[in-house]
Amino acid sequence: MRTCRSTVLFGVLAAGLVLTQQACTRGDRQSGKPVAFTTPASAGTTPAPIKTTKAGSGNKPAVSSTTDPILAGKRQVVIRPIPSSESIVAVDEDGRLNLTDGEAEFGLFVLAPVGDKFLIKTAKAGAGGEQSCLGIKNNGSSPLTVEATACDTRRDGQLFTISRLKAKDKQGRPTYAISNAGAFLQVFPRTGLIAEELGDAPLLTTYAFIDNGPAGS
């Protein structure tokens, strides 16, 4: 459903001047499916996204304008949350993205640029022979989670914003915020890794990407 509101302001100058300001919002949540939010985080709390080139024809991912091969989808990476000493991000046996302190079958990812956003793909293919993509899942009144699902660039819940921050990790690697249209991936002791809008709250969890070699085809 799409709703719009328009405000027309008239001011008379020498030849007359008409200023029209139009604001539109769009909502398309579907329970149980990856969703996107239209409510932005508060001003001053949302990091600037990584700039990439626009997507080409159809849904073919665009080539990232960054020179970083990780952000161009050419490397497979471990995603390490900060603050964290040993834990990494991985897809668990239930298909949910969460933390693990040991090795995981699906603990390597590829960041595939799509326009100015990214698909986050599992580096390893699943039982069906295809890589999975991370997507936001609506759980009703419970927190939003991130789960592995079939890749689809048409689903907003799979298109993540990756924003580089000024801080670096202890090894000097860049750190990033990961969000889906205002819902940031954060880690909490009781709920694990969830997606949450910041509002006036500070960003608590950031991430470092640890290079683990070339990405497969």
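This is a predicted model: local features need pLDDT of at least 70, side-chain atom pairs count only at pLDDT 80 or more; totals for chains, interfaces and linings use all residues.
I started with Tyr 207 and found it in strand β14, residues 206-214. Residues are numbered from 1 along each chain as its sequence is written, and side-chain values use heavy atoms, with hydrogens and water left out.

Is Tyr 207 buried or exposed? Buried, with a relative accessible area of 1%; the cut-offs are under 20% for buried, over 50% for exposed and partly exposed in between, using a 1.4 Å probe and protein chains only. I then saw that a polar atom of the Tyr 207 side chain sits 2.9 Å from the backbone oxygen of Leu 185. The C-alpha atoms of Tyr 207 and Tyr 176 are 5.2 Å apart, though 31 residues separate them along the chain.

Next I checked Thr 175, which is in strand β11, residues 174-180. Thr 175 is buried too, at 3% relative accessible area. A polar atom of its side chain is 2.6 Å from the backbone oxygen of Ala 167. Not counting residues up to four places away in sequence, Thr 175 touches several residues, among them Ile 82, Thr 206 and Tyr 207. (Touching, or contact, means heavy atoms within 4.5 Å.)

Last, I looked up the largest nonpolar core: it has 26 residues, and Leu 97, Leu 185 and Phe 209 touch the most other members. (Such a core is a set of buried Ala, Val, Leu, Ile, Met, Phe, Trp, Tyr and Cys residues joined through side-chain atoms within 4.5 Å.)

Definitions and conventions
Helices (H or I, at least four residues) and strands (E, at least two) are DSSP runs, numbered from the N terminus. A polar contact is a pair of N or O atoms within 3.5 Å; within protein, one must be able to donate a hydrogen and the other to accept it, and residues adjacent in sequence count only if both atoms are side-chain atoms.
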